Amino acid sequence: DVEVMANGRPLATASRGEQRAVLVALKLAEYELLAAATSTEPLFLIDDVFSELDPVRRTQIAQRLVARPCIVTSADPSALPSQLSSLPIHEL
């Protein structure tokens, strides 16, 4: 078993925003490992995480995504950080 801690407490007791931020951080680490192991940049898929994050976390994650090939979905386009404005936007 693995226990993930956030700010000195189990992630299971953290807010949904904190849980999402840690999950995205783990996915970004996985992305880096795959990119290094394959010498190819994988496509990063991220589904509707920004709506549950505070503005600081939104910005931090967006800054790490903008330089990578990615697909970002959001039920609320207004929740997308401005750093992602350079990405093509497709509304359904």
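Reader: Is Arg16 buried or exposed, going by its relative accessible area?

Author: In this predicted model, local features need pLDDT of at least 70 and side-chain atom pairs count only at pLDDT 80 or more, while totals for chains, interfaces and linings use all residues. Residues are numbered from 1 along each chain as its sequence is written, and side-chain values use heavy atoms, with hydrogens and water left out. A residue is called buried under 20% relative accessible area, exposed over 50%, and partly exposed in between (1.4 Å probe, protein chains only). Because the relative accessible area of Arg16 is 51%, Arg16 is exposed.

Reader: In what order do the elements of the protein run from the N terminus on?

Author: Helices (H or I, at least four residues) and strands (E, at least two) are taken as DSSP runs and numbered from the N terminus. The protein has two helices and four strands. From the N terminus on, their order is β-β-α-β-α-β.

Reader: What share of the residues of the protein counts as buried?

Author: Along the principal axes, the C-alpha atoms of the protein fill a box of roughly 40 × 35 × 20 Å. The protein exposes about 6300 Å², of which carbon and sulfur atoms supply 57%, with accessible areas taken from the Shrake-Rupley method with a 1.4 Å probe and, for residues, only the protein chains shown counting as cover. Among its 92 residues, the share that counts as buried is 26%.

Reader: Which residue does Arg16 meet in a salt bridge, and in which loop does that partner lie?

Author: A salt bridge here is a side-chain nitrogen of Lys or Arg within 4 Å of a carboxyl oxygen of Asp or Glu. The side chain of Arg16 meets that of Glu52 in such a bridge, at 3.4 Å from N to O. The pair links distant parts of the chain, 36 residues apart, with Arg16 in helix H1 and Glu52 in the loop between S3 and H2.

Reader: How far apart along helix H1 are Lys27 and Glu30, in helical turns?

Author: The side chains of Lys27 and Glu30 also meet in a salt bridge, at 3.3 Å from N to O. Lys27 is partly exposed at 42% relative accessibility, and Glu30 is partly exposed too, with a relative accessible area of 38%. Because they are three residues apart in helix H1, Lys27 and Glu30 are separated by about one helical turn.

Reader: What is the phi of Asn7?

Author: Asn7 is found in the loop between strand S1 (5-6) and strand S2 (9-10), where it counts as exposed at 65% relative accessibility. Although Asn7 is not a glycine, its phi is positive, at about 55°.

Reader: What is the phi of Asp48?

Author: The place of Asp48 is in the loop between S3 and helix H2 (55-65), and at 24% relative accessibility Asp48 counts as partly exposed. Asp48 is not a glycine either, yet its phi is positive, at about 50°.

Reader: Against which elements do the buried residues of H2 pack?

Author: The buried residues of H2 are Ile61, Ala62 and Leu65. Seen down the axis of H2, they fall within an arc of 100°, so they line one face of the helix; the arc is that of the directions from the helix axis to the C-beta atoms. The elements that these buried residues pack against are H1, S3 and strand S4 (70-73).

Key. Contact means heavy atoms within 4.5 Å.
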